[in-house]
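Please consider the following structure and the explanation that accompanies it.

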Amino acid sequence: MPEADRELVSIRRFLKERLQRDYTTLRGYAKERSNVRLLLQRTAEMGESNSLLLLGPRGSGKTTLINSVLADLLPNKSFGENTLIVHLDGNLHTDDRVALKSITVQMQLENAADGKVFGSFAENLAFLLQCLKAGGKHSKSVIFILEEFDLFCAHHNQTLLYNLFDVSQSAQAPICVLGVTCRLDVIELLEKRVKSRFSHRQVFLFPSLRRFEDYVDLCGDLLSLPTGNSLLLAEKIYNLQNIQSGALYFSRNHFDPGEYGFSPRLRDAWNKQICKVLATQQARSTLQALHDFDISEAYLKNFLFRLVAHLRPQSPHITAEKMAAVGSQFEGDDKIELLCGLSVLELCLIIAIKHHSQIYDRDSFNFEIIYARFSKFAKVSTTMQAVERSIVLKAFEHLRIAELIMPLTGGAGGGVGKVQKEFEMHKLALTYSQIHHCMQRYQALPTEVAQWAQSSLI
């Protein structure tokens with residue numbers, strides 16, 4: 001393999017791994033990070049018990065914030081040697097029995113069981129509580145990280161949450177419960193007895209890249225090759241091996257920049273090319289469209305990963321044209337693609353629904369209302385005259401299954417009493433612009449249907 005091709009493969013692999021497997025690099029959130037760090041330090045060094053909830057939309061950096069704080073604290077002997085970390089996920093630990101078994105393993109309490117066989121959930125819970133309550137202020141601290149915290153609220157009687165919060169409030173072994181969730185109303189999901197034992201500390205995280213210039217700078221950082229100072233991260237990754245819990249995946253599968261080395265000539269040439277591309281108007285327009293749609297770092301990383309995947313020996317550089325081509329894939333509307341795949345009959349029903357919504361200010365409708373409007377068009381149409389009522393009803397049901405129209409009741413026969421499907425009320429789940437774009441892109445659309453879409457007059 002030529003030298004230039006080897007360099008390109010190394011660059012592409014480095015950028016992909018940094019975009020996918022960097023779990024500890026946090027940008028922004030200085031105040032929130034300081035709050036979480038102080039909380040964990042006081043638990044480990046002073047024996048204080050605490051509980052806290054991290055709230056924010058998906059991709060805003062909640063888990064990364066916790067990982068970043070742990071990566072900084074673990075090299076300290078006062079923290080690393082006196083702390084156990086227990087990681088639970090609501091998607092994996094679907095009930096309290098499974099969660100308790102995982103806690104027992106991660107706290108390394110199998111030997112303390114002395115061959116006991118726990119036949120019931122109550123015995124397992126009693127053993128765990130006995131171990132926690134046996135400790136005092138100078139016992140090892142335990143940090144419980146509960147991902148998808150709202151799913152734990154759905155467990156029977158919320159027994160696990162109740163006991164964890166109860167221990168954190170009493171003067172027993174110091175524990176810290178960190179809940180991570182994207183539901184802002186999660187407090188309302190807690191039972192009264194659980195809510196009374198929660199400290200009501202909440203940290204809200206929202207995407208911080210509100211300025212477009214910050215968004216462009218982040219894009220440049222993620223596409224640039226690192227200098228020697230960036231390799232200090234390799235030492236931090238090595239320190240993550242001190243984590244006792246095998247459930248924290250980021251310590252085992254973390255991106256390690258120490259595995260890569262780039263010559264100063266290659267690094268400078270690549271970074272200059274990236275700066276030159278990001279300064280062009282076409283590249284900034286593409287990033288502006290992405291920024292207007294979603295300002296989260298996770299969304300930008302997804303875009304850049306696809307961009308880096310397009311690097312080939314024939315085109316080894318990132319260009320503004322490549323960014324525009326990949327950006328056009330992100331600007332696509334799934335609803336428009338779905339509309340373009342409908343039959344002409346189903347599209348005629350969408351047009352009839354659109355005209356009804358425009359005339360009656362998006363009022364609800366049922367099949368009979370739409371069929372009456374469709375019948376007026378079918379009488380003067382050469383393509384829709386021989387369509388039977390049962391076939392039109394089947395097409396209407398297909399629109400409902402595709403969720404292009406949504407029922408107002410809970411389902412077929414829902415509501416106060418039994419309702420025939422022809423009379424069940426629906427609402428349109430599309431915008432008029434989506435229907436308009438579909439009409440422009442639809443292949444082999446009959447002229448009379450296209451004309452009817454423009455005007456409700458027949």
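Beyond its neighbours within four places in sequence, Met384 is in contact with Val344, Leu345, Cys348, Phe374, Phe377 and Ala378. The model from which these contacts are taken is predicted. Met384 itself belongs to the loop that runs between α18 (367–380) and α19 (389–401). With a relative accessibility of 5%, Met384 falls below the 20% limit and therefore counts as buried.

Ser60 is placed in the loop between β1 (50–55) and α3 (62–73). Its relative accessible area is 6%, and Ser60 is accordingly classed as buried. When neighbours within four places in sequence are left aside, the residues in contact with Ser60 are Tyr29, Leu205 and Pro207. The pair Ser60 and Tyr299 spans 239 residues of sequence, while the distance from C-alpha to C-alpha is 9.7 Å.

The backbone also deserves attention. Most residues other than glycine have a negative phi. Glu148, although not a glycine, has a positive phi of about 55 degrees. This residue sits in the loop between β3 (141–147) and α7 (149–152). Is Glu148 buried or exposed? At 15% relative accessibility, Glu148 counts as buried. Not counting residues up to four places away in sequence, Glu148 touches Arg58, Asp89, Gly90, Asn91 and Val180.

Asp361 likewise has a positive phi of about 55 degrees without being a glycine. Its location is the loop between α17 (344–359) and α18. The relative accessibility of Asp361 is 70%, a value over the 50% limit, and Asp361 therefore counts as exposed. Thus Glu148 is buried, whereas Asp361 is exposed.

The description now turns to helix packing. Two packed helices are described by the angle between their axes and the distance between the axes. For helix α1 (residues 3–21) and helix α14 (residues 297–309), the axes come within 10 Å and cross at roughly 165 degrees. An angle over 145 degrees counts as roughly antiparallel, and α1 and α14 therefore have this relation to each other. Their contact is formed by Arg12, Leu15, Lys16, Leu19 and Gln20 on the α1 side and by Lys301, Leu304, Phe305, Val308 and Ala309 on the α14 side. By class, the residues of this contact comprise 6 nonpolar, 1 polar and 3 charged. The handedness of the crossing of α1 and α14 is left-handed.

A further pair consists of helix α10 (residues 212–223) and helix α12 (residues 264–278), which pack at an angle of about 155 degrees with their axes 10 Å apart. This angle makes α10 and α12 roughly antiparallel to each other. Their crossing is right-handed, in contrast to the left-handed crossing of α1 and α14. Val216, Cys219, Gly220 and Leu223 of α10 meet Trp270, Ile274 and Leu278 of α12. The residues of this contact divide into 6 nonpolar and 1 polar, with no charged residues.

The cysteines raise a separate matter. How many disulfides does a search of the whole structure find? The search finds 0 disulfides. For Cys438, the closest cysteine sulfur is that of Cys340, at 4.2 Å. A disulfide requires the two sulfur atoms to lie within 2.5 Å, so this separation is too far for a bond. Cys438 is buried, with a relative accessible area of 0%, whereas Cys182 is partly exposed, with a relative accessible area of 26%.

Finally, the chain may be considered as a whole. Its secondary structure comes to 21 helices and 7 strands. Of its 458 residues, 47% count as buried, and Met384, Ser60, Glu148 and Cys438 have been described above as buried. Among contacts in the chain with a separation of 6 or more, 77% are accounted for by residues 24 or more positions apart.

Note on methods:
Residues numbered from 1 in each chain as written. Predicted model: local features only at pLDDT ≥ 70, side-chain atom pairs only at ≥ 80, totals over all residues. Heavy atoms only, no water. Axes fitted to C-alpha atoms, helices over the stretch in contact; angles between N-to-C directions. Helix = DSSP H or I, 4+ residues; strand = E, 2+ residues; numbered from the N terminus. Parallel < 35°, antiparallel > 145°, perpendicular 65-115°, else oblique. Left-handed = near helix turned anticlockwise from the far one by under 90°. Contact = heavy atoms within 4.5 Å. Nonpolar A, V, L, I, M, F, W, Y, C, P; charged D, E, K, R; others polar. Buried < 20%, exposed > 50% of the residue type's maximum accessible area, 1.4 Å probe, protein only.
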